[in-house]
Amino acid sequence: MAEWNAYYKNEDDEEDQEEGELSGGDYKITGRDSLVFLVDASKEMFIKGEDGEPSNFDMTMQVVRSVYTSKIISSHRDLVALVFYGTEQSKNPRNSFKHVYVYHDLDEPGAKRVQDADALRGSKGAQLAAKTMGSSETSLGDALWCCANLYSDIKLRLSQKRLMIFTCRDEPHGGDSVKDRQARTKANDLKETGVTIDLMHLMKPGGFNVASFFRDIVSPPEDESELGLQLEPCAKLEDLQKRVRAKEQKKRAMARLNLCLGEGINVAVGIYATAVSARKQAPVRLYRETNEPVRSKTRTFHTQTGSLLLPSEIKKAQVYSKKQIVMEKDEVDAIKKFDDPGLVLIGFKPMEKLKRHHHIRPAVFLYPEEDEVKGSACLFSALLTKCSERNVFALCRCIARRNYPPRFVALVPQKEEVDEGKAQITPPGFNVIHLPFADDIRTLDPPQCPVASQIQVDKMKEIVSKLRFKYRSDAFENPVIQQHYRNLEALALDMMAPEDMEDLIMPKVDQIDGRLGPLVDEFKDLVYPFNYNPDSKPAAKRKTAGTGGGAEKKPKVEIPEDELRAHMQNGTLGKLTVPVLKEACKQFGVRTTGTKKQELIDALTERLGS
């Protein structure tokens with residue numbers, strides 16, 4: 001019975017597992033991510049900025065709304081909650097905590113929640129918030145306690161618990177030591193249960209002093225590079241969105257492997273995808289009566305008896321030399337297995353040996369995993385430093401997962417880069433570039449085309465220099481995907497029409513014409529003949545006289561016997577066309593009823609070989 005349930009997993013209750021096995025070992029990621037927005041609803045949050053800039057509360061609601069929509073698209077099974085503290089009205093389970101308003105419980109985001117967040121934006125949203133919740137005393141300890149109850153009421157398995165505090169007050173209790181102590185105690189209790197507390201502090205007159213109170217509330221930064229980010233307040237909406245996005249996005253390893261540097265020297269590393277192609281989500285089949293998702297089940301039946309087959313009764317077979325070789329699943333796995341998953345260092349090569357055409361697939365990123373093997377970060381850092389100093393890359397053999405074929409990879413060192421605000425732009429580590437095998441690189445015969453003159457080449461160089469610009473992949477969005485999700489958003493939120501979208505990949509014709517000027521006409525005069533119009537249709541071919549408008553018959557194609565025998569000996573009869581093979585059959589008196597190419601080749605081979 002255990003084997004049956006292990007095979008037909010969809011017969012059991014739905015598992016809270018989003019991603020399956022990611023590495024060669026037993027490492028698995030299960031559960032859902034959870035995020036709680038804890039927003040300060042004091043009067044200071046509603047003060048508008050200078051020159052008509054939005055208030056801190058308005059910026060927070062815009063960020064909450066953007067996170068809701070992104071969660072619906074990318075990971076709709078994650079749980080999100082919205083809680084206000086410092087409110088006049090109280091709304092929480094059993095109203096146990098005063099001045100705490102649970103606007104959204106910890107649940108999956110949906111269209112209704114996006115509409116609720118939209119209602120709190122702008123001046124009308126501020127009026128609605130003042131009417132619904134109001135502003136009063138603050139007790140951050142009660143708010144944290146309420147959030148802890150939200151987590152304890154969830155019976156699902158949670159892989160990540162994160163709490164974000166949005167406020168512009170560095171001393172929310174006005175120096176009340178009792179409330180400060182209660183908040184610190186509750187924050188420590190949350191952190192002990194695995195909840196990560198982040199502070200999204202906003203700009204206020206006189207500056208925001210994190211050290212006065214929130215230093216003991218928030219969780220320590222995961223990386224030293226985030227310390228500067230944790231100290232600087234957010235003054236603009238873009239900065240706040242960037243910080244929230246960096247915190248709430250999943251940072252999960254595709255695989256965790258051992259990098260073997262020699263006998264007995266192993267470094268634990270994780271492989272991360274720095275960029276993933278955006279795709280439309282697969283359609284979900286719904287039951288037309290209840291509009292609920294349909295669960296599919298797969299069963300395998302015997303073709304003769306019709307009985308249901310167990311997994312142990314299903315075999316795999318391969319036909320070899322007209323014999324069917326039946327193999328067990330364990331035997332198939334043993335054939336596929338080359339070695340255990342991992343990276344094995346082969347040697348080092350100078351960076352000049354790595355060519356651009358060696359990049360046959362998107363690169364991934366390698367970073368040490370100190371929790372797996374102690375000392376991995378130190379040894380990894382030393383290897384990275386030496387490779388950067390000597391301008392070399394490490395050549396390794398890589399087996400990413402069980403039963404995966406081995407590949408050669410180049411570990412290209414990458415140094416850390418930070419911006420003016422001490423925020424990390426580029427992390428330190430190795431870019432893993434998959435190298436091709438010898439038979440992956442093919443030699444192509446380039447087509448024979450007319451060679452351009454030097455004058456034409458020089459003129460095209462002028463055009464290219466005028467149209468040069470600095471390309472950034474993150475500056476262009478896929479218009480098909482953007483329009484797709486805008487249509488879904490308009491349908492879900494009952495909007496009259498989707499939001500307007502600018503297609504950034506369309507060429508800017510006016511700007512191009514302004515840059516080029518007369519260069520286009522000069523190039524046309526050099527390349528095309530006089531009065532040539534590329535938009536005109538080619539002249540129709542004149543029909544042959546005396547044929548009555550019918551198509552002209554193709555002349556018969558005859559091939560000499562010695563040439564045909566040479567093709568047969570070299571095994572190149574397949575290069576001849578079907579009309580040539582038919583004519584050869586008629587020429588040598590070969591009778592054939594088939595019209596397929598292989599049948600004609602077989603008939604000719606039998607006739608000429610006899």
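Student: Which residue in strand 16 does Val364 stand opposite?
Tutor: Val364 stands opposite Val432 in strand 16. Strands here are DSSP runs of E, at least two residues long, and helices are runs of H or I of at least four, both numbered from the N terminus.

Student: How do strands 11 and 16 pair, and over how many bridges?
Tutor: Strand 11 (residues 364–368) and strand 16 (residues 429–434) pair in the antiparallel sense over 3 bridges. Two strands pair if DSSP finds at least two bridges between them.

Student: Before I go on, what kind of model is this?
Tutor: This is a predicted model, in which local features need pLDDT of at least 70 and side-chain atom pairs count only at pLDDT 80 or more, while totals for chains, interfaces and linings use all residues. Residues are numbered from 1 along each chain as its sequence is written, and side-chain values use heavy atoms, with hydrogens and water left out.

Student: Rings next. How many aromatic pairs are there?
Tutor: The whole structure has 12. Rings of Phe, Tyr and Trp (its six-membered ring) pair if their centres lie within 6.5 Å; planes under 30 degrees apart count as stacked, over 60 as edge-to-face and the rest as tilted. Phe37 and Phe166 have ring centres 5.8 Å apart and planes at 45 degrees, so that pair is tilted.

Student: Where do Phe37 and Phe166 sit in the chain?
Tutor: Phe37 is in strand 1 (residues 32–40) and Phe166 in strand 4 (residues 158–167), 129 residues apart.

Student: Is Phe37 buried or exposed?
Tutor: Phe37 is buried, at 0% relative accessibility. Phe166 is buried too, also at 0%. Buried means under 20% relative accessible area, exposed over 50%, and partly exposed in between (1.4 Å probe, protein chains only).

Student: Which rings form a cluster?
Tutor: Ring pairs link Phe46, Phe57, Phe84, Tyr101 and Tyr103.

Student: Different topic. What is the phi of His99?
Tutor: Phi of His99 is near 65 degrees, a positive value in a residue other than glycine. His99 lies in the loop between strand 2 (79–85) and strand 3 (100–107), and is buried at 19% relative accessible area.

Student: And what about Asn403, where is it?
Tutor: Asn403 is in the loop between strand 12 (392–399) and strand 13 (407–414). Its phi is positive, about 60 degrees, and at 28% relative accessibility Asn403 counts as partly exposed.
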